[in-house]
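Reader: I'm new to this one. Can you walk me through it?

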Amino acid sequence: MHMFEQDMQKSELKRVLGKWSLTAIGIGAIIGGGVFVLTGTAAHYHAGPALALSFVIAGIGCIFAALCYAEFAAMLPVEGSAYAYAYGTVGELFAWIIGWGLILEYAMGAMTVAVSWSGHFNKLLHLFGLHLPENLTNDPVTFGGAAVNLPALVIVWFVTWILVKGIKEAASANNLIVVLKVAVILFVIIMGAFYIDVANWTPFIPENTGEGEFGIDGIMRAASIVFFAYIGFEAVSTAGQEAKDPKRDMPFGIIGSLVVCTVIYMLVAAIMTLLVPYASLNVPDPVAVVVDSFGPQWSWLAKTIKVGAIIGLTSVVLVLMYAQTRIFYTMARDGLLPKIFSKVHPKFHTPYINTLLVGTITAVAAGFFDINVLGDMTSVGTLAAFAIVCLSVIYLRRAAPELPRGFSVPLYPLTPILGILSCLYLIESLPKH
């Protein structure tokens with residue numbers, strides 16, 4: 001364990017993140033793809049008005065894992081999330097597997113969100129009468145010929161530039177974006193309360209019509225799908241060496257961002273299904289559709305929501321790529337990847353070589369590949385990492401009970417056991433392709 005203490009003392013990265021910036025990193029990653037994209041299809045196909053219950057179930061599954069993350073983050077406040085925790089407890093092989101799993105999880109998440117960002121951006125352009133050629137807004141598979149999703153490629157390069165410039169600038173940009181997108185969502189919730197139609201909640205839990213379609217089965221299936229929307233809290237734990245007081249602030253950021261976002265998601269799901277029939281929510285921009293239901297006099301708000309969605313998705317790409325570059329950095333520093341990827345820029349104090357590589361790969365993939373199944377693949381990888389973190393807490397309590405723990409999981413060992421079981425159950429509930 002002394003290795004981690006040395007890492008904490010000789011960090012080349014700047015300690016500039018306080019507890020509210022860490023919480024904002026979590027909210028920045030959590031509120032994005034889930035609320036702006038997945039809510040509509042999950043309600044339409046699986047849960048109906050009971051989608052709010054799906055978010056509660058997914059949130060409960062997450063809180064067990066989040067409490068385990070918080071214990072680790074307070075005990076081993078180093079860069080690298082589940083990878084670093086595994087490296088310090090169950091050994092290099094497990095750590096290497098988890099590290100690559102996390103790199104792929106964040107990469108796929110960033111690519112998926114970048115493509116979604118491009119879709120929202122194009123819709124916003126259409127509102128102003130601007131139309132990009134189809135071969136510049138689609139991947140070659142979808143277009144059926146030579147094409148590139150240019151907006152997706154550009155947003156990834158823009159985010160890469162911010163990340164190379166420095167984490168303080170990235171965190172400041174993220175804090176501003178989080179305030180804006182939470183304000184937009186709260187405005188929709190408050191305004192929507194004046195237009196609700198209780199008849200849309202009859203029945204609240206539609207009768208089951210097949211495997212994973214409505215009923216209790218459908219609520220559980222939707223919970224496993226919207227779980228993708230929650231993965232951002234883990235990104236907080238990748239910021240260990242840039243936190244001002246990691247032992248106190250990391251648990252605050254992890255648990256705080258998860259609680260805030262669970263409440264917001266429940267309210268959004270409830271308002272959406274009260275405002276419009278769940279059957280009409282099978283669209284890529286469900287929040288904008290809900291605002292359209294307010295009437296034509298609110299068309300300006302629909303445009304604002306589209307801008308809010310674009311800004312919100314930008315911060316998700318930012319946080320996912322940030323997390324990915326920090327895991328890359330830690331693995332390279334530990335010798336599990338080439339050392340060059342841990343090289344830090346002399347002026348910006350960021351791991352710029354691996355950031356440029358991550359940015360290039362993510363931009364090319366977002367611009368040229370069809371990314372339909374990535375959401376589910378991301379969820380499986382994340383759930384597996386969460387389960388291993390819960391298992392590692394049990395292992396460490398037995399192997400090293402003397403370690404100082406700034407935060408201890410409540411109701412041990414029940415909490416980590418429930419974390420493992422809920423993650424495995426949600427993996428089993430995911431759609432089989």
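Reader: Let's start with Phe 214. Where is it found?

Author: Phe 214 sits in the loop between H9 and H10. Keep in mind that this is a predicted model.

Reader: Is Phe 214 buried or exposed?

Author: Phe 214 is buried, because its relative accessible area is 11%, and the cut-off for buried is under 20%.

Reader: What about its phi?

Author: Phi of Phe 214 is near 70°, a positive value in a residue other than glycine. Most residues other than glycine have a negative phi.

Reader: And what is phi of His 349 near?

Author: Phi of His 349 is near 55°, again positive and again not a glycine. His 349 is in the loop between H14 and helix H15 (352-368). His 349 is partly exposed, with a relative accessible area of 28%.

Reader: Back to the loop between helix H9 and helix H10. Which proline lies there?

Author: Pro 203 lies in that loop, between helix H9 (167-192) and helix H10 (215-226). The peptide bond from Thr 202 to Pro 203 is cis, with omega near 0°.

Reader: Now Tyr 412 to Pro 413. Is that peptide bond cis or trans?

Author: The bond from Tyr 412 to Pro 413 is cis, with omega near 0°. Pro 413 is in the loop between helix H16 (374-399) and helix H17 (414-429). Most peptide bonds are trans.

Reader: New topic. What is the average pLDDT of the protein chain?

Author: The average is 82, and 91% of the residues score at least 70.

Reader: Which elements have the lowest and the highest mean pLDDT?

Author: Helix H1 (residues 2-9) has the lowest, at 44, and helix H8 (residues 150-165) the highest, at 92. Over residues 1-10, pLDDT stays under 50. The model has 17 contacts beyond four places in sequence for that stretch. Where pLDDT is low, the predicted coordinates should not be read in detail.

Reader: On to H8, then. At what angle do helix H6 and H8 pack?

Author: Helix H6 (residues 92-127) and H8 pack at about 120°, with their axes 8 Å apart. H6 and H8 are therefore oblique to each other. Their crossing is right-handed. On the H6 side, the contact residues include Trp 117 and Phe 121; on the H8 side, they include Pro 151 and Ile 155.

Reader: And how do H8 and H14 pack?

Author: H8 and H14 pack at an angle of about 55°, with their axes 10 Å apart. That makes H8 oblique to H14. The contact includes Val 159 and Leu 163 of H8, and Leu 318 and Met 321 of H14. This crossing is right-handed.

Reader: How many residues are in the largest nonpolar core?

Author: The largest nonpolar core has 133 residues. Leu 51, Tyr 83 and Phe 233 touch the most other members. Helix H14 (residues 299-333) gives the most to this core, with 18 residues.

Reader: What is Phe 233 in contact with?

Author: Leaving aside neighbours within four places in sequence, the contacts of Phe 233 include Ile 30, Tyr 69, Leu 258 and Phe 386.

Note on methods. Residues are numbered from 1 along each chain as its sequence is written. This is a predicted model: local features need pLDDT of at least 70, side-chain atom pairs count only at pLDDT 80 or more; totals for chains, interfaces and linings use all residues. Side-chain values use heavy atoms; hydrogens and water are left out. pLDDT is the predictor's confidence in each residue, from 0 to 100. Helices (H or I, at least four residues) and strands (E, at least two) are DSSP runs, numbered from the N terminus. Contact means heavy atoms within 4.5 Å. A nonpolar core is a set of buried Ala, Val, Leu, Ile, Met, Phe, Trp, Tyr and Cys residues joined through side-chain atoms within 4.5 Å. Buried means under 20% relative accessible area, exposed over 50%, partly exposed in between (1.4 Å probe, protein chains only). Axes are lines fitted to C-alpha atoms, for helices over the stretch in contact, and angles run from 0 to 180 degrees between N-to-C directions. Angles under 35 degrees count as roughly parallel, over 145 as roughly antiparallel, 65 to 115 as roughly perpendicular and the rest as oblique. A crossing is left-handed if the near helix is turned anticlockwise from the far one by less than a right angle, and right-handed if clockwise.
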